[in-house]
Amino acid sequence: MSKEIRENFGSKIGAVLAAAGSAVGLGNIWRFPIETGQNGGAAFIIVYILCVAILGLPIMISEFIIGRHTHTNTAGAYRKLAPGTQWKWVGRLGVLSGFIILSYYSVVAGWTAEYTKLSIYNSFDGKTATDFPAIFTNFVSNPWKPLIWMLLFMIVTHIIVIRGVKGGIEKFSKIMMPALFIIMMVLAICSISLPGASQGLEFLLKPDFSKINGSTILSAMGQAFFSLSLGLGCLCTYASYFRSDTNIGKTALNVSIIDTFVAIMSGFIIFPAVFNAGYTLNSNDIGPSLLFITLPNVFQQAFGNIPLLSYIVSILFYLLLVVAALTSTISMHEVVTAYLSEEFNLSRHKAALMVTAACSTIGIFCSLSFGPLNGIQLFGMSIFDLFDYISSNIFLPVGGMFIAIFTGWYLDKQIVKNEISNNGTLRIHYLKLVIFVLRYIAPIAIAIILLNQLGIFKFF
Ligand code: TRP
C-alpha cells in the first residue's frame, strides 16, 4: 500500500460527474455514430439500449460495489476480496486493457485537438467536399504532427491525474461536463433546424430490423461496454473514491442515462447535418473519418451562407470532442496509475509518469500506423484497428463477463447488499434482480455473443 493518504470525491454530484466524464467520450461522439451508421440506424440503437440496460447497468453496479467496498485499485480489489485465487487476473486484464485503450485513444484525441486548431484558424473556410479527404490524409500521414498532438494530450492528462482525485479529476469534471452539455444542446438545435434534417431523423428513429444479425449484436454490446467504460475496472477504480453515502444504484443509473443521452444526442447532431449535406450512408462517408472528413464539410455546407455560424459551430464541435476525450483519458490513466502506485508502492507522481511514458510510446506506433507504418498489417488489420478490435470487442466483454460472475457467484451476498443499500440505510427493491442478471443473464448472453461472433460456436 502506498503511504499517501487515499482521497475521496468531495461530493456526490462530483462522483457522478467524474464517472459520467469517464463514460462520455470519443466512444459517444466518434464511435457511436459510426457504429450506428454502419449497422443500420434505429434498429442498432434499440439493440444498443437493450445492451446498456440489461448488461451495462448491472455490471456497472458490480464494478461500483467491488471498488467502493475495497477502496483500492482494480487489481488490488480482487486480491482483497478473493485472496489466494486467480480472480486477480480479472483486475490485471483490466489494467492491461486500460493501458492499450489509452494508447490508441490518445491518438484520435490528438486529432480532435488539431481540428480544434484548424477550426479556430478558420482553415475550413471556402473548402469543398474534395478538399477534406486530402486535409485529413495529409495530417494523419504526417510523421510528426499527430504525434505531437498525441503527446500533448497525454501530458495534459498526466497533469490532471497527478493533481489528484478531488483537486484534479473531480474539479475538472465538474466544470467540463456541464460545458459539454451546453455545447451539445446548441449543436443539436443547429443541426435539427437544417433543411433536409428529417431524413437524418428518420434514420435515427425508424428501425429496420432486417439489419440486425450476429455482428450487429456484437458491435452493439462492444459499443455499450466501451461507451460506459465497463469491463476494465475503470469505474471500479473511480468507485474506490466514492464516499460511504454515495448511492451506488442511483449513480449507476445516472451515469448510464447521461452516457446514452449524449450518444443519441451526437447522432442528432451528426446525421441530420450529414444528410443535409447530401451524403449517403456508404462506407466512405460513415467510416472512422466521419468526424474529420465528412463533418468539416458538412459544417461548411450547412451553415456556409452564414460564415460566422459555420466558424462557431465547428470550433464548438471539436472543442466538445477534446473535452469529452480528456475526461475519458484521465479515467483510463487513473486505472493504471492507481494500480502501479498502490500495488508497487510507488508515489502517484512516479506511477503516473511511468503510465504516461509507456502509453506515449505505444501511442507512437498507433499513430504511425496511419502514416509511415500503414503497410504493417496484423490479422488483416492495422495496429490501430487491431488494438481497437481486441480491446473493445474481446477484452471488455470478457472482463465484463468475469465481473458479473464474480459479483453474482463468488462475492458474499451480504457485501453486495450492504454496498447497494449503504449498510441498510437505503431501501432497495432491485437487489434480487441485479443478482439474477449477474448470475445468469449477463454471463450467458456475453458468452453466446462472443462465441458466436468469433466463430467458435454458431448459435445464430
Ligand atoms: N467510455 C469512454 C468513451 O466513451 C472511453 C473509456 C474511458 C473507456 N474509460 C474506459 C472504455 C474504460 C472502456 C473502458 O469514450
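Predicted model: local features only at pLDDT ≥ 70, side-chain atom pairs only at ≥ 80, totals over all residues.
**View 1. Helices α2 and α3 are oblique to each other.** Residues are numbered from 1 along each chain as its sequence is written, and side-chain values use heavy atoms, with hydrogens and water left out. α2 spans residues 26-38 and α3 residues 42-70; their axes come within 7 Å and cross at roughly 125°. Axes are lines fitted to C-alpha atoms, for helices over the stretch in contact, and angles run from 0 to 180 degrees between N-to-C directions. Helices are DSSP runs (H or I, at least four residues), numbered from the N terminus. The crossing of α2 past α3 is right-handed (the near helix is turned clockwise from the far one by less than a right angle). Phe32, Glu35 and Thr36 of α2 meet Phe44, Ile45 and Tyr48 of α3, with contact meaning heavy atoms within 4.5 Å. The residues of this contact divide into 4 nonpolar, 1 polar and 1 charged. Ala, Val, Leu, Ile, Met, Phe, Trp, Tyr, Cys and Pro count as nonpolar, Asp, Glu, Lys and Arg as charged, and the others, Gly among them, as polar.

**View 2. Helices α7 and α15 pack at an angle of about 160°.** α7 covers residues 145-162, α15 covers residues 348-368, and the axes are 10 Å apart. The pair is therefore roughly antiparallel. Its crossing is right-handed. Contact residues include Met150, Met154 and His158 of α7, and Ala352, Thr356 and Cys359 of α15. By class, the contact has 12 nonpolar, 6 polar and 1 charged residues.

**View 3. Helices α17 and α18 pack with their axes 11 Å apart.** α17 (residues 413-420) meets α18 (residues 431-453) at an angle of about 130°. That makes α17 oblique to α18. α17 passes α18 in a right-handed crossing. Lys413, Val416, Lys417 and Ile420 of α17 touch Leu431, Ile435 and Arg439 of α18. This contact has 4 nonpolar, no polar and 3 charged residues.

View 4. Polar contacts are pairs of N or O atoms within 3.5 Å. A backbone N or O atom of Gly27 is 2.8 Å from a ligand oxygen atom. A polar backbone atom of Ser227 lies 3.1 Å from a ligand nitrogen atom. Ser331 places a polar side-chain atom 3.3 Å from a nitrogen atom of the ligand.

Definitions and conventions. Helix = DSSP H or I, 4+ residues; strand = E, 2+ residues; numbered from the N terminus. Parallel < 35°, antiparallel > 145°, perpendicular 65-115°, else oblique. Polar contact = N/O pair within 3.5 Å; in protein donor to acceptor, adjacent residues only side chain to side chain.
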